[in-house]
Amino acid sequence: MDKYVMALDQGTTSSRCILFDKTGQIVSMSQKEFPQIYPNPGWVEHDPMEIWSSQCSVAVEAIASIGLTPDQIEAIGITNQRETTIVWDADTGKPIYNAIVWQCRRTSDIMEKMIEEGWSEYVKEHTGLLPDAYFSASKIAWILDNVEGARERAQNGELRFGTVDTWLIWNLTGGQVHATDYTNASRTMLFNIHELKWDEKIMDYFGIPMSMMPDVLPSSALFGETLDMIFGRKIPISGVAGDQQAALFGQCGFEKGDVKNTYGTGCFLLMNTGKEPITSKNGLLTTIAAGSSDKPDYVLEGSVFIGGAAIQWLRDGLKIIEKASDTQEIAESAEDTAGAYFVPAFTGLGAPYWNMEARGTFTGITRGCEKKHFVRAVLESIAYQVNDVLKAMQEDAGVRIRLLRVDGGASANTFLMQFEADILGTSVLRPRCIETTALGAAYLAGLYTGYWKDLQEIRDNWQLDETFTPQMERHDAHRLVDGWDKAVKTTLYAAKLYLC
Ligand code: ADP
């Protein structure tokens, strides 16, 4: 009887379930979108019950659609949108408020106050993060402050906190297990990434009692077993990791110096830095890598806010393309951008600039600039931003990156991948399976149960789709990057002018 590993991939806009076989191939996939809730400008919520029911239904569907029996599911791995915060009643299992999603900015004021009070260094040193509303800590505090009676109930030990992985584990085990893994814990801004325990000082600052916090395990470990009634049999949950760390694992980023970039709505770059956490001087974050050891590896993480989102804007905002993939042919029909640069600072610029006032700019436009140049400049802007973050990473880690492994929707764009290799001066490797997030979660789960023997067996599964090697002369690449640097300076300068 063939067996498969189930990955539950709980994302920001949809819940998916993918079944993988021993060779790392997808044998079944099921997906369901769920509603986004925007109660106020800048606020984003999900209904935790919709997260749970959509995830549960796709899991059942993925098994049924190819006629498997529950006995054929070896183990479950969970990967999830990180930082999103849920608080529920320990007795009833009912959430006391909607999930506050990572994108939600409602707690910006709380975080500004914390920064003004001089907490930045402490937070950075202990959690590896820059204090921000993005992470779970201030979101928990907001729920405790704004749901009637919540603080008191929390003090009485009646409430539980969890990121989405924890919420799913809780429900899959019928409320018997309250746990998370190192990677998810390291994105709460409440976890000491060096001592691998919850940081009491930060918890006190937000008034969060320890009784709310889940146990923390390595990503490949036995978290619990599913209730009989869900799949008709108990199935071990033996892999858990936040989406970006799961993707690094799915890309076989096991060694110090391994780097992956996911080209999705935004771009997420992660570099494995081995057993030593590196503190960034360039605005990158330090978090924990997925693995099976209780002495985990660390990663440097940098993100680009607007990646594929710029392509969505061409399609849905400007309406100058019909579908995202059209950009490839259009960009290739132009020799260059006719001197134009686009800086997609729609919501500010992230690492290494960190300027939240910056807004998008086009520079160097002449009469000869046509649609094809415009589209090409938008695609190229994604590659330049990734180059900026990679430069910062190399500087922080003191290593020269040998190759970049890529995944995510926009990595399908061959023009973009070739241009990236040209600008970086480094080979770009695109695997056959670009569902690396789910694959990483499956690998973590299957490694624990022995479905995959060791990391080497997983490495052997990694299959190349295409390697993009640098074709451009280095001095040409440098000239282009110089132009980009000037365009970014223009953007930053404009932001300053508007502030005056
Ligand atoms: P997410 O997980 O963030 O939703 P995905 O990994 O599914 O993102 O990638 C979707 C993003 O990739 C969208 O922003 C889309 O515009 C972009 N995209 C998809 N296909 C292409 C393509 N062929 N060329 C350029 N961008 C693309």
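Predicted model: local features only at pLDDT ≥ 70, side-chain atom pairs only at ≥ 80, totals over all residues.
Helix H4 spans residues 136-146 and is mostly covered, with nine of its eleven residues buried. The buried set consists of Ser-136, Ala-137, Ser-138, Lys-139, Ile-140, Ala-141, Trp-142, Ile-143 and Leu-144.

## Packing of H1 against H6

Helix H1 (residues 48-64) packs on helix H6 (residues 164-172) at an angle of about 65 degrees, and their axes lie 10 Å apart. The crossing of this pair is right-handed.

On the H1 side, the contact involves Pro-48, Met-49, Ile-51, Trp-52 and Gln-55. These residues meet Val-164, Trp-167, Leu-168, Asn-171 and Leu-172 of H6. Sorted by class, the contact of H1 with H6 comprises eight nonpolar and two polar residues, with no charged residues.

## Packing of H11 against H13

Helix H11 (residues 308-317) and helix H13 (residues 371-397) pack with their axes 8 Å apart, at an angle of about 160 degrees. Angles over 145 degrees count as roughly antiparallel, and H11 and H13 are therefore roughly antiparallel to each other. H11 passes H13 in a right-handed crossing.

H11 contributes Gly-308, Ala-310, Ile-311 and Leu-314 to the contact, while H13 contributes Phe-374, Val-375, Val-378, Leu-379 and Ile-382. The residues of the contact of H11 with H13 divide into eight nonpolar, one polar and no charged.

## Packing of H13 against H14

Helix H13 also packs on helix H14 (residues 414-424), where the axes come within 9 Å and cross at roughly 45 degrees. H13 and H14 are therefore oblique to each other. Their crossing is right-handed.

From H13, the contact draws on Arg-376, Leu-379, Glu-380, Ile-382, Ala-383, Tyr-384, Val-386, Asn-387 and Leu-390. The H14 side is formed by Phe-415, Leu-416, Phe-419, Glu-420, Ile-423 and Leu-424. By class, eleven residues of the contact of H13 with H14 are nonpolar, one is polar and three are charged. Leu-379 and Ile-382 of H13 take part in the contact with H11 and also in the contact with H14.

## Thr-273 in strand E16

Thr-273 belongs to strand E16, which covers residues 267-274. With a relative accessible area of 3%, Thr-273 counts as buried because this value is under 20%.

Leaving aside residues up to four places away in sequence, Thr-273 touches Lys-256, Ile-278, Tyr-298, Val-299 and Leu-300. The C-alpha atom of Thr-273 is separated by 23 Å from that of Ser-120, a residue 153 positions apart from Thr-273 along the chain.

## Cysteines and disulfides

A disulfide is a covalent bond between the sulfur atoms of two cysteines. The structure holds zero disulfides. For Cys-17, the closest cysteine sulfur is in Cys-56, at 10 Å, which is too far for a bond because a disulfide requires sulfur atoms within 2.5 Å.

Cys-17 is buried, at 0% relative accessibility. Cys-104 is likewise buried, with a relative accessible area of 1%.

Technical notes. Residues numbered from 1 in each chain as written. Heavy atoms only, no water. Buried < 20%, exposed > 50% of the residue type's maximum accessible area, 1.4 Å probe, protein only. Helix = DSSP H or I, 4+ residues; strand = E, 2+ residues; numbered from the N terminus. Contact = heavy atoms within 4.5 Å. Axes fitted to C-alpha atoms, helices over the stretch in contact; angles between N-to-C directions. Parallel < 35°, antiparallel > 145°, perpendicular 65-115°, else oblique. Left-handed = near helix turned anticlockwise from the far one by under 90°. Nonpolar A, V, L, I, M, F, W, Y, C, P; charged D, E, K, R; others polar.
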